[in-house]
Amino acid sequence: MIRLAVLSDLHANLEATLAVHADVKRRGLDEIWVLGDLVGKGPRPREVVEWTQAYATRVIQGNWDARVAGATNRPQDLWPRSRLTPDQLAYLAGLPYGIEEQFGGAWWRFVHASSKGLFHRLYPHSSLAEQLDAYLPNPQFALRQHADALVYADVHETLMLDVEGRPLINTGSVGNPLDSTLPSYLILEFDPNSPAHSATFVRLTYNRDAEIAAAEASGMPFTREYIAELLTGAYQKRRARTGE
């Protein structure tokens, strides 16, 4: 069996990342794939990038990774940018858009937000037409296959749907879950000798008090909103203050 731990949206939450890593090691999973948003929102971007570079087998770019690397200049982009080394910023900027891999004769596609762009969201309530579009090739982002299954992230909510026979799976978020207060990640298992697969969500507790203390001591912008999201699992909107 091929057993993958698929993580996303770590968001510089080191405590949650380390808790997930400990669980992955306990389960003896083969590889760790990270579907973007290593940084942004949380207090320890440098440490989470270092962890990813040390332990992740495959990594793709998230919208926050692109923003912090230079795509935008919001206050919440500039603060983590100032904490990262030039090499780390270059690493975030150079991450690939997606992964296409064949398992059991089926093409599996892994992206951060959608198949149409880093800032194009695919929601659980998106129309059937939008969902079906997500499986189409998009050579602009080196997505060349007609995907049979899609795994993505970005909206911070776990999801498992069947779209006319095609799996549509969202990993949820490690560092900033918005459907619970508990981090989540995905385990995918493939039998190389058959078309069968299994998909399992894992949720776990972590040292949230230590993460909150790190945020309070960091001097980062929007500390109050970040802590509120950790405590409630509800998105604290910031549009009026940042133009986001």
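Biologist: Let's start with Asp-37: buried or exposed, and what's its relative accessible area?
Modeller: Asp-37 is buried, at a relative accessible area of 1%. Buried stands for under 20% relative accessible area, exposed for over 50%, and partly exposed for in between, using a 1.4 Å probe and protein chains only. One caution before we go on: this is a predicted model, where local features need pLDDT of at least 70 and side-chain atom pairs count only at pLDDT 80 or more, while totals for chains, interfaces and linings use all residues. Residues are numbered from 1 along each chain as its sequence is written, and side-chain values use heavy atoms, with hydrogens and water left out.

Biologist: Where does Asp-37 sit?
Modeller: Look in the loop between strand S2 (31–34) and helix H2 (45–55). Those labels are DSSP runs, numbered from the N terminus: helices are H or I with at least four residues, and strands are E with at least two.

Biologist: And what's the phi of Asp-37?
Modeller: Positive, about 55°, although Asp-37 is not a glycine. Most residues other than glycine have a negative phi.

Biologist: What about His-156, what is its phi?
Modeller: His-156 has a positive phi too, near 65°, and His-156 isn't a glycine. You'll find His-156 in the loop between strand S6 (149–152) and strand S7 (158–163). His-156 is buried, with 5% relative accessible area.

Biologist: Switching to helices. How do H1 and H2 pack?
Modeller: Helix H1 (residues 14–27) and H2 have axes 10 Å apart, at an angle of about 20°. Axes here are lines fitted to C-alpha atoms, for helices over the stretch in contact, and angles run from 0 to 180 degrees between N-to-C directions. H1 and H2 are therefore roughly parallel to each other. On that scale, under 35 degrees is roughly parallel, over 145 roughly antiparallel, 65 to 115 roughly perpendicular, and the rest oblique.

Biologist: Which residues meet there?
Modeller: From H1 it's Leu-14, Thr-17, Leu-18 and His-21, and from H2 it's Glu-47, Val-48, Trp-51 and Tyr-55. A contact means heavy atoms within 4.5 Å. By class, the contact of H1 with H2 has five nonpolar residues, two polar and one charged. Nonpolar covers Ala, Val, Leu, Ile, Met, Phe, Trp, Tyr, Cys and Pro; Asp, Glu, Lys and Arg are charged, and the others, Gly among them, are polar.

Biologist: At what angle do H3 and H5 cross?
Modeller: Roughly 130°, with the axes of H3 (residues 63–71) and H5 (residues 86–93) coming within 8 Å. H3 and H5 are therefore oblique to each other. Asp-65, Val-68 and Ala-69 of H3 make the contact with Leu-89, Leu-92 and Ala-93 of H5. That contact has five nonpolar residues, no polar ones and one charged.

Biologist: Now the glutamates. Where's Glu-211, and is it buried or exposed?
Modeller: Glu-211 is in helix H7 (residues 208–218). At 0% relative accessibility, Glu-211 is buried.

Biologist: What does the side chain of Glu-211 make a polar contact with?
Modeller: The side chain of Arg-44, at 3.4 Å. A polar contact is a pair of N or O atoms within 3.5 Å; within protein, one must be able to donate a hydrogen and the other to accept it, and residues adjacent in sequence count only if both atoms are side-chain atoms. Glu-211 and Arg-44 are 167 residues apart along the chain, yet their C-alpha atoms are separated by 9.2 Å. Leaving aside neighbours within four places in sequence, the contacts of Glu-211 also include Tyr-226 and Leu-230.

Biologist: Which residues of H8 are buried?
Modeller: In H8 (residues 223–232), the buried ones include Tyr-226 and Leu-230. After H8 comes Gly-233, with a positive phi near 70°.

Biologist: Last one: what does the side chain of Glu-100 reach?
Modeller: Glu-100 makes a side-chain polar contact with the side chain of Arg-109 at 3.0 Å. The side chain of Glu-100 also reaches the backbone nitrogen of Arg-144, at 2.9 Å. Glu-100 lies in strand S4 (residues 98–103), and Glu-100 is buried at 18% relative accessible area.
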